[in-house]
Every structure is written in C-alpha cells, then in structure tokens.
Amino acid sequence: MVTQADLEESIEVVIAGYQKKNAILTDKEKMIVSYHEIGHALVAAMQNHSAPVQKITIVPRTSGALGYTMQVDEGNHYLMTKEELENKVATLTGGRAAEEVVFGSVTTGASNDIEQATKVARSMITRYGMDENFDMVAMETVSNQYLGGDTSLACSAETQTQIDQQVVKLVKTQHEKARQILMENRKKLDELAQFLYEKETITGDEFMEILNS
C-alpha cells in the first residue's frame, strides 16, 4: 500500500536525496540550520510574486543538504517576470541573511544558495535582457539546450568584466533586501526558528499559521 507520505518522500528523494538518519548535528548547528531555513521561507513569504512555501525541514539529506525549504508554484508557470527573478535571488540569500542577523557570523551552509543566486542573476543579465546597461543584447548563448545546455560568451573581455560587476550588484541588492525583511520581522524569525528546531519538519500551513498569528 502506498500512502501520501510515501509519494511526498519520493519527491524529496529526487530533490534532496535520502534522509541521512545517522547524521548527528550539534545543538548549535541544528539551531543555525533552523534559522537558515526559516530565513529562506520568511523572505519568500514576505515578498509578492514568490512561490508559496510547502515544507521546511532540518533533517539532513544524502545530497549534503542539512535542511531545505520547498516552494511549489500554484498551477503551471512558464514565464517569470524580472520582479519574480529578483525575489528568487532574495529568497536564496535569505538563509545567509538570517545567520548574519541572528549570529553575526556566517557558515559554509549557503554554498548551494550562492551558486543558484549567481546563476539566476547572471542569466537575467546575459540571456533575458533584464539589465538596462545591456538592454536586449545577448551576452551569452546556449547551445544544445536539451542536452545539458552548454553556454558560451558572445562578448569581449571588457564587457565580461562589466557583467561580473552587474551580477555582484544585483545579488548584493537582493541580499540587503532579504536582511532588511528579516530585521523587520525578527520576532517571527525567532518564533518560527524555535518551532522548526523542536519539530525538525513543518508544513507550509504550520509556517503560515505562526506567521499570521
């Protein structure tokens, strides 16, 4: 017999790997991961045009993730606006931002977030024409889109330097926005992180219930 929980677990195995039941985090690490994940979820929830939070967990996975926040778009979603992509970058920086706001220091836990945020920001500038300096000029071309999608630059070394600067600027702006959101909602950040720390896995409904109470 297959239950709803089995189906959900199978989706999570594809996204983040199997539960790593023998991974023992220290209490301090567990608390940092709790704040990190709530940071992502809270930044997402406080912005318009963000996919709703479905589930948050701090159970380590075999992919190396110490926890993750699952967001799922409602209905089919094929186009993304500039605002939605900026919000996505802000959400990706939310975990690191929470560590900064609460602990005043940072950990290695944001490595995947950093990779994803940089990728989104770079695509906005080089492929989607969402930077006023470069307008609708393709700085990067994608070949073999359905076979891994190799990208090649179609600009000079000088322009590449400018692109790098714009990518840094975009990510920094969204990182600052995430930090601001968390500082303004510090009380909810503490309350939700404590709840996640105790329960280890919470649903989007539980998250929204506390947020709106």
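Visitor: How many bridges join strand β1 to β2, and what makes these strands a pair?

Guide: Strand β1 (residues 53-57) is joined to β2 by 4 bridges, and the two run antiparallel. Two strands pair if DSSP finds at least two bridges between them, so the 4 bridges here are enough. You can look for one of the contacts at V53, whose bridge partner in β2 is Q71. Do keep in mind that this is a predicted model, where local features need pLDDT of at least 70, side-chain atom pairs count only at pLDDT 80 or more, and totals for chains, interfaces and linings use all residues. Residues are numbered from 1 along each chain as its sequence is written, and side-chain values use heavy atoms, with hydrogens and water left out.

Visitor: Why do β2 and β5 count as standing at the edges?

Guide: The open sheet has 3 strands in the order β2-β1-β5, with antiparallel pairing. β2 (68-71) and β5 each have a single partner strand, so one side of each has no neighbour in the sheet. From one strand to the next, the twist averages 10°.

Visitor: Which helices meet this sheet, and at what angles?

Guide: α6 packs on the sheet, touching β1 and β5 (contact means heavy atoms within 4.5 Å). The direction of α6 makes about 120° with that of β5. Helix α7 (residues 204-212) lies across β1 and β5, running at about 75° to β5. Such angles run from 0 to 180 degrees between N-to-C directions, with axes fitted to C-alpha atoms, for helices over the stretch in contact.

Visitor: What makes the side chains of R122 and D164 a salt bridge?

Guide: A salt bridge needs a side-chain nitrogen of Lys or Arg within 4 Å of a carboxyl oxygen of Asp or Glu. R122 and D164 meet at 2.9 Å, N to O, so they qualify. This pair links distant parts of the chain, with R122 in helix α4 and D164 in helix α5, 42 residues apart.

Visitor: Why is R122 called partly exposed?

Guide: Buried means under 20% relative accessible area, exposed over 50%, and partly exposed in between (1.4 Å probe, protein chains only). R122 has 22% relative accessibility, so it falls in the middle class. D164, at 30%, is partly exposed too. By contrast, the buried residues of α4 include A117, V120 and A121.

Visitor: How many salt bridges are there, and which residues form a network?

Guide: A search of the whole structure finds 7 salt bridges. Among them, E100 pairs with R179, their closest N and O atoms being 2.8 Å apart. E100 sits in helix α3 (residues 82-103) and R179 in helix α5 (residues 157-184), 79 residues apart. E100, E176 and R179 are linked in a network of salt bridges.

Visitor: Why is the pair of Y35 and F103 called edge-to-face?

Guide: Rings of Phe, Tyr and Trp (its six-membered ring) pair if their centres lie within 6.5 Å; planes under 30 degrees apart count as stacked, over 60 as edge-to-face and the rest as tilted. The centres of Y35 and F103 are 5.5 Å apart and their planes are at 90°, so the pair is edge-to-face. The search of the whole structure finds 1 aromatic pair. Y35 is in helix α2 (residues 27-45) and F103 in helix α3, 68 residues apart. Y35 is buried at 9% relative accessible area, whereas F103 is partly exposed at 28%.

Visitor: What makes the phi of D135 and of E200 worth a look?

Guide: Most residues other than glycine have a negative phi. D135, in the loop between α4 and β3 (140-143), has a positive phi near 50°. E200, in the loop between α6 and β5 (201-203), has a positive phi of about 70° although it is not a glycine.
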